[in-house]
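Hi there,

Here is the structure I said I would pass on.

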Amino acid sequence: SVILLFIFPAFLIYTAFVIVSIIWAGYYSFFDWGGVGEKVFVGLKNYIELVTQDEVFRATIGHTLVYTVINVAIQVFGGLLFAILLSRIKKGRVALQTLYYIPVVISSVAICQIFTKLLSVTPTGIVNQVLSFIDPSLKMMEWISNPQISLYVTAFVEAYKYLGLYMVIFYAALIGVPDELGEAALIDGASTWQVYRKITLPLLVPVIKTCVIFAITGSLRAFDLVYVMTGGGPNHISEVPATLMYNNLFRKGLYGYGSAQAFFIVIECLIFTFIVNRLFKKAEQNVSAV
């Protein structure tokens with residue numbers, strides 16, 4: 001009863017702002033509605049149009065997959081690498097940990113402004129200025145407005161922002177691994193790499209799974225950084241489902257169609273969460289058996 005007393009306020013807020021919103025989005029998705037006036041029931045028409053006729057939306061699915069792969073690779077595996085390096089540093093660990101974590105607490109708008117200045121062409125940003133020493137033509141290199149790389153640049157900025165968060169999570173998990181296990185393995189002749197591969201990483205499987213789920217679902221519903229940096233452009237080349245949904249809902253007034261896109265994002269996150277849980281299930285069972 002005491003546990004429920006502490007959980008109930010958070011559960012109430014989560015239900016009011018998340019669960020209820022999802023239910024309403026699912027409800028509106030079955031209507032043709034402009035936000036005011038009469039709602040016209042259209043059944044699955046919005047979903048059928050979404051999948052079969054909306055070429056921009058179908059393109060955003062591919063963009064999201066690329067976005068997700070980049071973010072998982074940098075945030076999860078990069079965060080794990082930085083956490084391992086931090087765990088082996090004896091001096092200046094707190095300073096480095098704080099330095100890596102600073103981007104997490106900086107607002108998305110500020111991060112986007114920083115990278116916009118760094119990658120600027122007019123005036124020349126630091127990145128292009130440095131690259132111009134290698135090749136003078138790179139001084140006019142477009143990054144954010146370049147249709148070939150704008151999606152990758154935006155994904156990298158988001159990965160950079162949240163890298164420190166995953167580093168802290170992994171670092172907390174690493175210091176929880178008993179030192180005796182690694183020391184015993186080293187005495188038995190194992191190398192440092194073998195200790196990490198055979199002992200440390202298997203014990204971190206539950207944490208790795210959780211971080212992968214966070215990174216994937218965060219990427220699937222990415223909005224703020226994409227919207228501020230590129231607005232989905234140029235020509236929808238960096239568009240993701242959440243930015244397209246926002247434009248349909250609040251700029252075009254397509255509340256029914258936009259709600260269908262919002263509900264699709266929810267379903268997409270649930271499906272990927274289920275897949276990740278299934279993929280990690282055997283690894284977690286092996287850890288439990290040990």
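The protein's secondary structure comes to 13 helices and two strands, where helices (H or I, at least four residues) and strands (E, at least two) are DSSP runs numbered from the N terminus. Before you read on: this is a predicted model, so local features need pLDDT of at least 70 and side-chain atom pairs count only at pLDDT 80 or more, while totals for chains, interfaces and linings use all residues. Residues are numbered from 1 along each chain as its sequence is written, and side-chain values use heavy atoms, with hydrogens and water left out.

On overall dimensions, the C-alpha trace spans about 75 × 65 × 35 Å along its principal axes. Of the 290 residues in the protein, 38% are buried. Here buried means under 20% relative accessible area, exposed means over 50%, and partly exposed is in between (1.4 Å probe, protein chains only).

Now the pockets. The search runs on a 1 Å grid over the protein atoms alone: a cavity is a set of points where a 1.4 Å probe fits but cannot get out, and a pocket is an open set with protein on both sides within 12 Å along at least five of seven lines; lining residues have an atom within 4 Å of a point. Grid points are joined across faces, edges and corners, and a volume is the space filled by probe spheres set on the points.

The largest pocket has a volume of about 580 Å³. Its lining counts 22 residues, and those nearest the centre are Ile22, Arg221, Ala262, Ile265 and Val266. Helix 1 (2-28), helix 10 (205-220), helix 12 (241-251) and helix 13 are the elements that give two or more residues to this lining. Helix 13 provides the largest share, eight residues. By type, the lining of the largest pocket splits into 17 nonpolar residues, four polar and one charged. For those classes, Ala, Val, Leu, Ile, Met, Phe, Trp, Tyr, Cys and Pro count as nonpolar, Asp, Glu, Lys and Arg as charged, and the others, Gly among them, as polar.

The second largest pocket comes in at about 490 Å³. It is lined by 19 residues, with Ser87, Arg88, Asp179, Tyr196 and Thr200 nearest its centre. At least two lining residues each come from helix 3 (55-88), helix 7 (150-174), helix 8 (179-187) and helix 9 (192-203). Ten of the lining residues of the second largest pocket are nonpolar, four are polar and five are charged.

Ile267, Leu270, Ile271, Phe274, Ile275 and Leu279 make a nonpolar surface patch of about 600 Å². Patches are made of residues with over 30% relative accessible area and no salt bridge, with like charges joined within 9 Å and nonpolar side chains (Val, Leu, Ile, Met, Phe, Trp, Tyr) within 5 Å. A salt bridge is a side-chain nitrogen of Lys or Arg within 4 Å of a carboxyl oxygen of Asp or Glu. Accessible areas come from the Shrake-Rupley method with a 1.4 Å probe, and for residues only the protein chains shown count as cover. Leu279, one of the patch residues, sits in helix 13 (residues 255-289) and counts as exposed because its relative accessibility is 65%.

Next, some backbone details. Most residues other than glycine have a negative phi, and most peptide bonds are trans. Which peptide bond is cis, with omega near 0 degrees? That is the bond from Thr122 to Pro123, and Pro123 is in the loop between helix 5 (108-118) and helix 6 (126-131). The bond from Gly233 to Pro234 is cis as well, with omega near -5 degrees; Pro234 belongs to the loop between helix 11 (224-229) and helix 12.

Asn235 is exposed, because its relative accessibility is 74%. His236, in the loop between helix 11 and helix 12 too, has a positive phi of about 65 degrees, again without being a glycine. With a relative accessible area of 37%, His236 is partly exposed.

Last, Asn248 is found in helix 12 and is buried, at a relative accessible area of 3%. Asn248 and Ala260 are twelve residues apart along the chain, and their C-alpha atoms are separated by 10 Å.

Cheers
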